[in-house]
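Work through these exercises with the model open beside you. Try each task before you read its solution.

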Amino acid sequence: KSSLEDTFSAPEYEERYCHKSGATKKPEWRRFVKTDMTALAKKYMDLDARWMYFPPVLVLLKIVALIPVIFVEPRTFEQRLGCAIVQMATSLLLFSTTPYSSPIFMITLRVAEVHQNLLLGFQNLDLVVRNDSNDDLAGGMVAITAVYIVFSAIVFVITAVFPVVSRTLRMKNIKKILKGFGFKHAASISIFFDPTKYEGKSAKKYSLRVATILAPK
């Protein structure tokens, strides 16, 4: 904060980093969350600046969802109605807003809401079918959950496994490039050198002048 105050006056800072509405611009917000070392940083680092309060709202909705389950007589119309109201309120909130900056995370949240609503609907329909006949809709509920589990597994691979594998291969390629110049690691380079610019290229194609400058003495 002190460095910003030394560089910009308050009006200059607002003009550069804030919208006319007063909201923080996305580049400045990204910079802030990347450098924020506080304990609560993980709670809002993936959120848009305008939705910092969103996690407590979700927690509150989850607490409210427990009220009909705990305090209303089980397997009654009133209990199912209470669960449906809370579930619909949560779904409307997530489908009418975009609090998270990651499109994949928003899609995952919305698919989870669709899954919950389908299960709730099938449970109610299953009750009607059971009363009218000896059939049930257990197979349909299992199929819905299975599809959701497969979707979650795919998302996990894309967001968690793939970046790790990609980063490992990238570091391996960087080490190969550095080895072509005679370095074991980047710390042995006397000047700044960004090997990522040369990924996929052969070190033999570099000019003799660059190789001479970077070669260990």
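**Exercise 1. Which helices each supply at least two residues of the lining of the largest pocket?**

Step 1. Find the suppliers. Helix 5, helix 6 and helix 7 (103-132) each give at least two lining residues. Helices are DSSP runs (H or I, at least four residues), numbered from the N terminus. This is a predicted model: local features need pLDDT of at least 70, side-chain atom pairs count only at pLDDT 80 or more, and totals for chains, interfaces and linings use all residues. Residues are numbered from 1 along each chain as its sequence is written, and side-chain values use heavy atoms, with hydrogens and water left out.

Step 2. Find the main supplier. Helix 7 gives the largest share, 11 residues.

Step 3. Locate the centre. The lining has 25 residues, and Ala65, Cys83, Gln87, Gln116 and Leu120 lie nearest the centre of the pocket. A pocket is an open set of points on a 1 Å grid over the protein atoms alone, where a 1.4 Å probe fits, with protein on both sides within 12 Å along at least five of seven lines; lining residues have an atom within 4 Å of a point.

Step 4. Sort the lining by class. It divides into 13 nonpolar, six polar and six charged residues. Ala, Val, Leu, Ile, Met, Phe, Trp, Tyr, Cys and Pro count as nonpolar, Asp, Glu, Lys and Arg as charged, and the others, Gly among them, as polar.

**Exercise 2. Describe how helix 5 and helix 6 pack.**

Step 1. Recall the two quantities. Two packed helices are described by the angle between their axes and the distance between the axes.

Step 2. Read them off. Helix 5 (residues 54-71) and helix 6 (residues 77-96) pack at about 165°, with axes 8 Å apart. Axes are lines fitted to C-alpha atoms over the stretch in contact, and angles run from 0 to 180 degrees between N-to-C directions.

Step 3. Name the arrangement. The two helices are therefore roughly antiparallel (angles over 145 degrees).

Step 4. Check the contact. The residues of the contact of helix 5 with helix 6 divide into 12 nonpolar, three polar and no charged.

**Exercise 3. At roughly what angle do the axes of helix 6 and helix 7 cross?**

Step 1. Their axes cross at roughly 160° and come within 10 Å.

Step 2. Helix 6 and helix 7 are therefore roughly antiparallel.

Step 3. Classify the contact residues of helix 6 with helix 7: 10 are nonpolar, seven polar and three charged.

**Exercise 4. How do helix 7 and helix 8 lie relative to each other?**

Step 1. The axes of helix 7 and helix 8 (residues 138-180) come within 10 Å and cross at roughly 170°.

Step 2. That makes helix 7 roughly antiparallel to helix 8.

Step 3. Their contact has 14 nonpolar, six polar and one charged residues.

Methods: Parallel < 35°, antiparallel > 145°, perpendicular 65-115°, else oblique.
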